[in-house]
Amino acid sequence: MPIYAPTLPPAPDLTLGQPPALVLMRFDFTRLWRQKIGRFFGFTFLLLLLWKVARIYLDHLLHTNQALKPMQDFAKTILTQGAAFQADLLNPASYLLWFLVALVGGGLVARDTLYRVRPLMYAHPVTPRDYLLAKLGFASLLPFLILLPFALLPWLMSLLLAGAQGPVWVTAPLRLLPAMAISSVLMGSLAVGASSMAATPRAGVGWVLGLVLGASTLASMIHGLAGLPAVDALNPILLAETWPQLLVGVERPLVAWLPAVLGTAFHIGLWTWVAARRTRPSEAVI
Amino acid sequence: MEDSLIAFEQLEVRYQAAAVPALKGLTLSLEHGIVGLLGPNGAGKSTLLKALLGLLTPSRGSGTVLGVALGGPESARLRARIGYMPEYDALIEDASAYEQVAFWGELSGLAPEAARDRAHEVLYFVGLDESRYRPVSGYSTGMRQRVKLAQALVHSPELIFLDEPTNGLDPDGRRRMLDLVLRVHAELGTGVILASHLLGDVERVADQLVILDQGEIKAAGSMAGLRKALARRVELRFLDPLDAGQEAGLVELGTVLEARNGLYDLELAETDPAGVFRWAQSRGATLVQVTPRHDRLDEVLLRALHPGRA
């Protein structure tokens with residue numbers, strides 16, 4: 001038998017709250033943290049980060065400890081200090097990151113569709129723009145936050161151990177952070193667009209993986225058949241790997257500047273448009 | 001129009017690429033109170049609620065909710081003054097009642113700390129004090145309905161839309177939910193729009209009624225007034241039995257449903273019973289008793305939806 005309160009006092013001030021997009025984003029982060037998947041990927045990315053940091057420390061030892069002098073020639077082959085090394089700071093996590101984005105981002109909009117909470121959100125002071133901003137923000141911020149220590153921690157260690165002579169350039173973060181931002185928005189928009197087309201979170205994961213792998217396969221096929229390397233810009237995995245290379249100035253990037261800009265703009269524009277169309281209030285069934 | 005709870009004039013809402021508008025030029029003004037919104041599936045109830053929530057822009061006409069123009073730039077801010085309890089299970093299954101009510105409170109504009117405090121208060125108000133920390137996926141139907149009501153009340157709205165609030169509840173659960181609806185209006189002073197197909201629910205709590213069908217308002221007004229206007233059934237008793245000519249002449253008044261022992265059960269063609277007295281005087285019959293046969297609400301609804309049917 002429920003016990004009812006004598007009455008309900010009036011609500012406090014409704015003008016002191018946070019912007020709806022921020023509330024939605026925070027809720028998605030809390031939800032992710034509660035899930036096992038969040039802890040699993042947190043652990044995996046932590047291990048990858050430790051490996052990166054260990055390589056910097058090893059490099060430091062090789063350069064400072066004369067006993068290890070014979071190993072230096074060998075070390076130089078694996079610890080290059082050129083542009084490719086800087087860009088590579090972000091790359092080993094690439095496929096794993098896409099997988100995480102698919103698993104988490106795939107359910108981002110689809111879960112709201114399944115539970116039918118989006119119409120209820122729109123019945124509150126939430127606009128479709130707030131909703132889209134929150135979902136894109138979350139899906140983009142997630143890979144960005146994961147990549148952030150990969151860019152900053154090796155740089156910090158290199159700076160502390162070897163100063164300007166370290167393997168990581170002093171200016172590396174200035175180049176890597178914008179590249180991470182572009183790649184993260186690319187991943188986020190694709191995940192949100194794909195998720196908006198799915199009716200369940202599981203289907204959303206399928207949509208993201210299907211779109212990413214499908215676009216990659218299609219680009220490879222056209223490249224092979226027509227001999228047009230610029231078509232590789234349709235491949236979102238390649239695009240995400242290319243941006244760090246382009247911004248640190250790798251001599252032969254995976255995709256050239258112009259196709260990379262066009263391909264990225266195409267993907268971000270298309271999937272944001274799809275998500276905006278699929279999350280309009282008129283799509284909401286109440 | 002500004003003083004009304006809800007008012008609209010010639011309100012037309014048309015979905016893209018639809019040949020026929022979903023709402024066809026509705027004109028109505030509703031006072032503060034509990035309003036029952038009745039109508040069959042596809043009548044336009046949900047479209048009307050969407051339009052009132054500002055989610056659909058009227059293609060023609062105008063309207064106000066709590067004095068704010070429909071479809072205007074203030075629509076989003078207006079929704080902070082409105083609560084909405086959907087018909088379906090719009091619950092975040094992996095979150096507890098407490099978490100999600102606090103979340104909805106924050107979305108309505110409460111600060112995080114205030115939203116958490118408020119979630120406790122409102123869940124206590126709807127009778128979910130003990131189980132609020134459990135994920136809602138394990139809740140019974142009655143508990144889920146109460147969570148939905150709690151999220152609609154968390155920000156102290158001036159007006160709430162309740163869409164089928166007693167769906168799936170047993171008689172005891174229905175009674176408790178309707179008691180809560182009455183308390184919401186009586187104690188919190190909140191205006192209530194109750195959309196339901198359960199006529200008994202509407203009859204119990206509503207003081208105004210709107211009957212909607214095929215995008216048109218078939219009848220609207222206070223429950224008592226509406227019943228009176230639509231109650232055309234009367235029972236007539238005459239001093240002396242009517243002769244054959246007088247009995248045949250009864251059709252001038254309407255349809256004779258039953259005749260027995262000098263009692264005639266009629267459905268009048270007009271709602272004004274004064275015509276009965278004029279008829280009796282002109283026919284030389286002595287009328288001793290006219291008893292209005294107040295219809296049940298379902299009869300009122302059926303009559304409004306199918307005016308030609310006796």
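**Charged pairs and helix packing**

Modeller: This is a predicted model. Start with B:Asp201, which counts as buried at 2% relative accessibility.

Colleague: Which residue forms a salt bridge with B:Asp201?
Modeller: B:Asp201 lies in helix α7 (residues 199-205) of chain B. The partner lies in helix α6 of chain B, so the pair ties together parts that are 27 residues apart in sequence. The closest N and O atoms are 2.5 Å apart, and the partner is B:Arg174.

Colleague: Is B:Arg176 buried or exposed?
Modeller: B:Arg176 forms a salt bridge with B:Asp172, with the closest N and O atoms 2.9 Å apart. The two are four residues apart in helix α6 (residues 171-188) of chain B, so about one helical turn separates them. B:Asp172 is partly exposed at 32%. The cut-off for buried is under 20% relative accessible area; at 18%, B:Arg176 counts as buried.

Colleague: Which residue of chain B meets A:Arg26 in a salt bridge?
Modeller: A:Arg26 lies in helix α1 (residues 20-34) of chain A, and its partner in helix α3 of chain B, so the pair joins two chains. The N to O distance is 3.0 Å, and the partner is B:Glu106.

Colleague: How many salt bridges does the structure hold over all chains?
Modeller: Some are linked in a network of A:Asp28, A:Arg31, A:Asp112, A:Lys135 and B:Asp94. Over all chains, the total is 20.

Colleague: How are α3(B) and α5(B) oriented to each other?
Modeller: Helix α3 (residues 97-107) of chain B and helix α5 (residues 141-153) of chain B have their axes 8 Å apart. Residues that meet there include B:Trp104 in α3(B) and B:Val147 in α5(B). The angle is about 25 degrees. Angles under 35 degrees count as roughly parallel, so α3(B) and α5(B) are roughly parallel.

Colleague: And how does α5(A) lie to α11(A)?
Modeller: Helix α5 (residues 94-105) of chain A and helix α11 (residues 236-248) of chain A have axes 11 Å apart, at about 125 degrees. That angle makes α5(A) oblique to α11(A).

Colleague: Is A:His267 buried or exposed?
Modeller: A:His267 lies in helix α12 (residues 257-278) of chain A. Leaving aside neighbours within four places in sequence, its contacts include A:Leu186, A:Ser189 and A:Pro236. With a relative accessible area of 4%, A:His267 is buried.

Conventions:
Residues numbered from 1 in each chain as written. Chains lettered and ligands numbered in written order. Predicted model: local features only at pLDDT ≥ 70, side-chain atom pairs only at ≥ 80, totals over all residues. Heavy atoms only, no water. Axes fitted to C-alpha atoms, helices over the stretch in contact; angles between N-to-C directions. Parallel < 35°, antiparallel > 145°, perpendicular 65-115°, else oblique. Contact = heavy atoms within 4.5 Å. Buried < 20%, exposed > 50% of the residue type's maximum accessible area, 1.4 Å probe, protein only. Salt bridge = Lys/Arg side-chain N within 4 Å of Asp/Glu carboxyl O.
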